[in-house]
Amino acid sequence: MIYDVAIIGAGPAGLSAGLYAARAKLSTVIVEKMYPGGQAAITYRIENYPGFAEGIAGAELTDGIKNQAEKFGAEFLNGDVEKIEKLDDRFIVSMKGEKLEVKTVILATGAEPRKVGVNGEKEFTGRGVSYCATCDGAFYTDKPIAMVGGGDTAIEEALYLTRFASSIHVIHRRDELRATKILQERAFDNDKIKFIWDSVLHEIKGKDTVEEVVVKNVKTGEMSSVSVNGVFVAIGYTPNTDFVKDLIRLDEQGYIVTDDHMKTDVPGLFAAGDIRKKSLRQVVTAVADGAIAAVEAGRFIEEQ
Ligand code: NAP
């Protein structure tokens, strides 16, 4: 069978693309290597998705889109896509032990948390170092922890972690946060959150689990130690585009360059969501991208 559309990645962009493609009667398969929902599914509460004045749990929102896509006939396949090849009139999507033949592809593999790259980070990942507050916050009940980063994710997660941890040391490389004002105000008002300004993480130390972090002041060069049992890292994301880097145009940071129709420079290959070069990476823009990509994939098939 040749599918009309293969969507790679089942985060909000991929799920929304699946919903729109399947509802337009295109035969649609969504390939996901982990679980449906992507980064949004592990977000405790999404406060800025329109229509939910009280906020909505990320998993509830993404489950809803998944069910909607399934209702219209989208198929789901568990697999890790290693390669995509373009033939004259179709694409071959290769996973371990399986190949799909498809007329169009929508790339929606999103981005993954960036690593700090210091000693101890790799060694203690899963034993004190985490990239997901919602997943691991409860392990740090009544314990001191550190949060690295000053963007929306770092501050939102620091605020979430105040329900568990005894204190949260936010380590930020400047003396001003990047996070939106409303989150900044909430963080400054919270007694559990303390800031270590103008500083970067230098090393993570411990025996079996994390016991302390060494922090370097970037202005004075001074090193200091803080006793913590956990380190959360939220310093941005790296796009998951390695498997297509030889096929399509990427920007200098590795994001896929598309036009307003979600078209990449390869005809029939589209991209949607956080994987794309864009100015606002949010669930609301991801689902919009997915819808546009699916409609454009349908148009492309009609024109062929
Ligand atoms: P981000 O906005 O790129 O912020 C990354 C933070 O980490 C910045 O404060 C940055 O410092 C710092 N940083 C980057 N590289 C670093 C390094 N090597 N060492 C130390 N610090 C480093 O990433 P994000 O917070 O994950 O947010 C990603 C996107 O999702 C943004 O567009 C954000 O608005 C959005 N988001 C929105 C919400 C919401 O609306 N509620 C929630 C979460 C995320 P500098 O400030 O000095 O660059």
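Author: Axes here are lines fitted to C-alpha atoms, for helices over the stretch in contact, and angles run from 0 to 180 degrees between N-to-C directions. Helices (H or I, at least four residues) and strands (E, at least two) are DSSP runs, numbered from the N terminus. The model is predicted: local features need pLDDT of at least 70, side-chain atom pairs count only at pLDDT 80 or more, and totals for chains, interfaces and linings use all residues. Residues are numbered from 1 along each chain as its sequence is written, and side-chain values use heavy atoms, without hydrogens and water.

Reader: What makes α1 roughly parallel to α3?

Author: Helix α1 (residues 12-23) packs with helix α3 (residues 58-71) at about 25°, their axes 8 Å apart. Angles under 35 degrees count as roughly parallel, over 145 as roughly antiparallel, 65 to 115 as roughly perpendicular and the rest as oblique. The angle therefore makes α1 roughly parallel to α3.

Reader: Which residues of α1 and α3 meet?

Author: Contact means heavy atoms within 4.5 Å. From α1 come P12, L15, S16, G18, L19 and A22; from α3 come T62, I65, K66, Q68 and A69. By class, this contact of α1 with α3 has six nonpolar, four polar and one charged residues (Ala, Val, Leu, Ile, Met, Phe, Trp, Tyr, Cys and Pro count as nonpolar, Asp, Glu, Lys and Arg as charged, and the others, Gly among them, as polar).

Reader: Why is helix α5 called largely enclosed?

Author: Buried means under 20% relative accessible area, exposed over 50%, and partly exposed in between, with a 1.4 Å probe and protein chains only. Seven of the 10 residues of α5 (residues 152-161) are buried, so the rest of the structure largely encloses this helix. They are A154, I155, E157, A158, L159, Y160 and L161.

Reader: What do the buried residues of α5 pack against?

Author: Their neighbours are α4 (133-136), β9 (144-148), β10 (167-171), α6 (181-188), β11 (193-196) and β15 (230-233).

Reader: Why do β8 and β11 stand at the edges?

Author: Two strands pair if DSSP finds at least two bridges between them. The open sheet runs β8-β15-β9-β10-β11, with parallel pairing. β8 (129-130) and β11 each have a single partner strand, so one side of each lacks a neighbour in the sheet.

Reader: How do you know that β8 and β15 pair?

Author: β8 and β15 share two bridges in the parallel sense, and two is enough under the rule of at least two. S130 has F232 in β15 as its bridge partner.
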